[in-house]
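Trainee: Hi! Could you walk me through this one?
Mentor: Happy to, let's have it on screen.

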Amino acid sequence: MTPFTQSVYQIVRKIPKGKTMTYAQVARAIEKPRAYRAVANALNKNYDSAIPCHRVIRSDGSLGGYNRGVKKKAELLKKERT
């Protein structure tokens with residue numbers, strides 16, 4: 001795993017249940033503000049359930065992608081918000 005990916009996962013692990021961050025916010029948090037697409041690519045390769053990548057959404061409020069399917073991402077977010 002690259003240092004970039006490790007830093008992304010470190011930030012995403014800290015997102016509380018029921019909250020979200022955007023890909024751009026994660027990129028800024030790791031001090032790589034223009035790397036939001038790279039953040040998305042790193043999260044797409046995550047299969048560790050300890051890293052809640054479903055809590056990262058697009059800046060326009062839409063869900064964006066999810067390696068287990070967008071439907072599953074929506075279900076997880078809805079479950080966490082209730």
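Mentor: We can go through the helix packing, the core, a salt bridge and a few loop residues.

Trainee: Anything to know before we start?
Mentor: This is a predicted model, where local features need pLDDT of at least 70 and side-chain atom pairs count only at pLDDT 80 or more, while totals for chains, interfaces and linings use all residues. Residues are numbered from 1 along each chain as its sequence is written, and side-chain values use heavy atoms, with hydrogens and water left out.

Trainee: Okay, at what angle do helix 1 and helix 3 pack?
Mentor: Helix 1 (residues 3–13) and helix 3 pack at about 80°, and their axes are 10 Å apart. That makes the two helices roughly perpendicular, a label for angles of 65 to 115 degrees. Helices here are DSSP runs of H or I with at least four residues, strands are runs of E with at least two, and both are numbered from the N terminus. The axes are lines fitted to C-alpha atoms over the stretch in contact, and angles run from 0 to 180 degrees between N-to-C directions.

Trainee: Which residues in helix 1 and helix 3 meet?
Mentor: Phe4, Thr5, Val8, Tyr9 and Val12 come from helix 1, and they meet Ala38, Val39, Ala42 and Leu43 of helix 3. Contact means heavy atoms within 4.5 Å. By class, this contact has eight nonpolar residues, one polar and no charged ones. In that scheme Ala, Val, Leu, Ile, Met, Phe, Trp, Tyr, Cys and Pro count as nonpolar, Asp, Glu, Lys and Arg as charged, and the others, Gly among them, as polar.

Trainee: And which residues of the largest nonpolar core touch the most other members?
Mentor: Val8, Val12, Val26, Val39, Leu43 and Val56 do, out of 16 residues in that core. Helix 1, helix 2 (23–29) and helix 3 each supply at least two residues, and helix 1 gives the most, with four. A nonpolar core is a set of buried Ala, Val, Leu, Ile, Met, Phe, Trp, Tyr and Cys residues joined through side-chain atoms within 4.5 Å. Buried means under 20% relative accessible area, exposed over 50%, and partly exposed in between, with a 1.4 Å probe and protein chains only.

Trainee: What does Val26 touch?
Mentor: Leaving out residues up to four places away in sequence, Val26 touches Val8, Ile11, Val12, Met21, Val39 and Val56.

Trainee: New topic: how many salt bridges does a search of the whole structure find?
Mentor: One. Arg55 pairs with Glu80, and their closest N and O atoms are 2.9 Å apart. The pair links distant parts of the chain, 25 residues apart: Arg55 is in the loop between helix 3 (36–44) and strand 2 (56–57), and Glu80 is in helix 4 (residues 70–81). The term means a side-chain nitrogen of Lys or Arg within 4 Å of a carboxyl oxygen of Asp or Glu.

Trainee: Is Arg55 buried or exposed?
Mentor: Buried, at 10% relative accessible area, and Glu80 is buried too, at 14%.

Trainee: Where is Glu31?
Mentor: Glu31 is in the loop between helix 2 and helix 3, and is exposed at 68% relative accessible area. Although not a glycine, Glu31 has a positive phi of about 65°.

Key
Angles under 35 degrees count as roughly parallel, over 145 as roughly antiparallel, 65 to 115 as roughly perpendicular and the rest as oblique.
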